[in-house]
Amino acid sequence: MDSFSEPYTRVGDDISLDAVRADIADLQKNHTAAGIPLSGRVLHICHYLPVTATLNTRSGVLSPPPTPPAVPADAPVPKSDSASVWTIGPRYGHAAMISGIQSLSSTHEQLIIGWTGDILTPTHNEQVKSDDVDPKDRAALDDALAAYQPKESDPDDDRKITYVPVWLDDKVAHGHYDGYCKQTLWPLFHYLLWQDVATEYASADSHYPYYESANAAFARKIAEVYQPGDLIWVHDYHLLLLPRLVREAIPEAVLGLFVHTPFPSSEIFRCLPRRKEILDGMLGANLICFQTYSYSRHFTSTCVRVCGYETTPRGIDVEGHVTSVMHCPVGVDAARVGRDIKRPGIQPKLEALRTLYEGKKIIVGRDKLDVVKGVLQKLRAFEKLLQDYPEWIGKVVMIQVTSPALTDSPKLERVVSELVAHINGEYGSLDFIPVHHYHQTLKKDEFYALLSVADLAVITPLRDGMNTTSMEFVIAQNEADSSITSTQNADGAGDWEREGKNSPLVLSEFMGISKNMDEALLVNPWNLGDVAAAINRGLLMTPAEKARRQHKLYKVVTTHTSHTWAAVLVKMLLGQVDGQGQARMTPYIEKEEMVKKYTNAGSGEGKRLFLLDYDGTLTPIVKTPSMATPSASALEALERLSADPKNIVYIISGRDGAFLEQHLGHLKNVGFSAEHGGFVRERGSTEWVNFTENIDMEWMGEVLEIFRYYTERTAGSHIETKKSSITWHYRGSDPEWGPIAVNKGEIVKRILYKNPEAEFIFCAGDDKVINLFTDEDMFRSLLLFPPGTTEVTMPAPLSVTGVEGAAPPVKLAIRPEAVFTTAVGHSSKRTLASWHVTAPQEVVDHLLDLVGGPEEGFKSSL
């Protein structure tokens, strides 16, 4: 499916904020009625807290500038009591995310868990090492955070956000953020490799230990504050290992991960040395959410191609734990931006800009000075405009503001300055300067005045997730005069008239928001000629077309806001909460209890049943099916168990009889079921009984033709033809086709019916619920006891009556506590089994424990 044809938001999420909140209330009501605990709290895990902390009692030590970058020049000075230990102030950056989180306070209790950031002192540019902050001062910080009220919060709101600090060693904190995050992951996620942005020798792995340590510290803090029923949202690429760490500590946690950056294609991501660790960390979440459908598709493809994981309609399956993958775009706080643009200090600055550039068209751009923001390409496109459309010389100026990036490059700044000087020297004059470049952080009033006066905005990063400047530009252009009149026909076309500038917007198609803002002029920033043509088109656009485009863009920006985004995230995560997922957390099998029941069952006349899958249970799953041969320990376990006359051992496999004969046929006391129950070889026999004789098998010819068609077009796939089934092997999945009257469950019923005196049952398998034939059929067939009962009479199953004719029911000797159905895989695997182990070798080890452990020097009869 072409990602460019996908909707910007999921069906059902493109609705009003009130409607989303109503959906949330309904979900919560339904979960509560179903007995599922909900605490009413949302835990947001961010790299750092949205506040700065200044320790007033320390003079500090001179150190590098704080992370993140400096506060804007017009930021309010935090208020402080001179006698207090701490001064808490706002941290600037990620405004959309924080405003979205704050908006949830009207419906949920909010906790933001994050790194403290560098601890500041009242002395300018001085910091305190985190290790030097004693426990008393750390406790005082908790009190100061509890009393802190953000500037835009309602003072009467008693549902304030709780800030929970994570303390990190300075070396770990900066190795994590300035090292692995900014030097390895950030370039990778923006389609660059670490050596492309490094000024010296770069290693993709040197800072990984700090990344691990920081994620582990966050996991410990979450475990401290977690309450049953909490919803956990982990934000962005700084904490990609965290979901798995939390899952290991709190298996029942309902956890989402939102990736704010782009996610690259698998061919880029596979270059990362720690690719599997990162992917496995992310897949610990119940839900992973991206900005766009294409990013989510890249992630899914990467999990399949790099790790070989299985995709299902519900998500990505890793050892039975299924992670859903969705997308939801972030917006801006449109109401706040609209208020800010009307601040009284903006109009004088706007008028000053109009006077300064009177008679000229103004093109505006604001970007961080980062290689992925495409500032160089934008300037070259502007030069191309002046070359191809010389009539604009002297009539258009570009005002390009570049704010310092977190990984500010002096080399990039020098190259940009040289290019600006070249353009001004080539096309400027004594009374005309084409490019005005300001490398600084603008005051908010200046920034909004610039957006309001612009005749065109050009925002053309080479790769970006969400870009707030483009949305703020649309709102700024709307606030001059919000009256719109139109004459439209039935299909929405027509003439638009709107007072105000309604200036158009040139956007890079490589931005996450470009899918939604398709009324902008979308360009490939690498194609300088097309960008120049788009700029020319924007400058010449008619007022009616400007108004029509502005109307649609404004509707998008004010509908898909940061508040809507945050509400949809909660709705999505609540959708992952259900009784089935909570109930199917299976405990690790109790070895001592199993040995005890096994021993008791052998003390009298009773028998013991062992019903074992082969692939993924006795042997690991391998890419080439013919290579899945049994280990020496597996052969020892089977041979020694089957040597005891009280033990009845069956291998119940999807394999054909020839394979089972080749590798296990020497085990005369072991019974076999091949092709998912289609054929059975009883213990001590050499003959196979065909259970499909009376079933129409004409379907196989048609299915074989379909499989051949796709095999010819799918590199690396192949067909395995058996007597009663056909398997198409593709990326490790086994979509089986065959008669549904014969399956593993029916064979288990037959074995149990034929051995009603069994007093112990051990049944192990690994298959996924999505497969047509699965080990879940075996587990389902062993759900023998209705609630409150301990005895059962079993009617003759189809696998008996279909072969032997009518047969009477039999009373079983088995009791519920002696049935050990065991799934191989993660404890969160959705299964009908009562127990789990994590790997095939653990199944073998448990079988050996039943016969006293492995024998030194044991020789198989093979």
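1. What covers the buried residues of helix H3 includes strand S2 (51–55), strand S4 (86–90) and strand S8 (162–166); here a residue counts as buried under 20% relative accessible area, as exposed over 50% and as partly exposed in between, with a 1.4 Å probe and protein chains only. Helices (H or I, at least four residues) and strands (E, at least two) are DSSP runs, numbered from the N terminus. This is a predicted model, in which local features need pLDDT of at least 70 and side-chain atom pairs count only at pLDDT 80 or more, whereas totals for chains, interfaces and linings use all residues. Residues are numbered from 1 along each chain as its sequence is written, and side-chain values use heavy atoms, with hydrogens and water left out.

2. The buried residues of H3 are Asp137, Ala140, Leu141, Ala144 and Leu145. They cover an arc of only 140° around the axis, which puts them on the same side of H3; the arc is that of the directions from the helix axis to the C-beta atoms. The exposed residues Pro135, Lys136, Asp143 and Ala146 are carried by the face of H3 turned away from its buried side. As for length, the 13 residues of H3 (residues 135–147) should span 18 Å at 1.5 Å a residue, and the end C-alpha atoms, 19 Å apart, agree with this; the expected span is 1.5 Å times one less than the number of residues.

3. The largest nonpolar core has 85 residues, of which Trp86, Ile88, Leu505 and Met517 touch the most other members. The largest share of this core, nine residues, comes from helix H19 (residues 562–574). A nonpolar core is a set of buried Ala, Val, Leu, Ile, Met, Phe, Trp, Tyr and Cys residues joined through side-chain atoms within 4.5 Å. A second, separate core of 59 residues includes Val166, Val234, Leu257 and Cys303.

4. Leaving aside residues up to four places away in sequence, Met517 touches Ser470, Met471, Val474, Leu505, Leu507, Leu522, Leu553 and Val557, contact meaning heavy atoms within 4.5 Å. Lys552 and Met517 are 35 residues apart in sequence and 8.5 Å apart in space, C-alpha to C-alpha.

5. Lys552 lies in helix H18 and is partly exposed, with a relative accessible area of 36%. Arg549 is also found in H18 (residues 543–559), but Arg549 is buried, with a relative accessible area of 10%. Not counting residues up to four places away in sequence, Arg549 touches Glu519, Ala520, Leu521, Arg537 and Met541.

6. Six strands form an open sheet in the order S17-S16-S15-S18-S21-S22, with parallel pairing; two strands pair if DSSP finds at least two bridges between them. The edge strands, each pairing on one side only, are strand S17 (435–438) and strand S22 (521–523). The twist averages 20° from one strand to the next. Strand S16 (residues 396–403) pairs with S17 in the parallel sense over four bridges, and Met398 stands opposite Val435 in S17.

7. Strand S31 (residues 758–765) has seven of its eight residues buried, so it is largely enclosed by the rest of the structure. S31 pairs in the parallel sense with strand S23 (residues 607–612) over six bridges, where Phe760 in S31 is the bridge partner of Arg608. Five bridges join S31 to strand S34 (residues 819–824), and these strands run parallel; the bridge partner of Cys763 in S34 is Thr821.

Technical notes: Axes fitted to C-alpha atoms, helices over the stretch in contact; angles between N-to-C directions.
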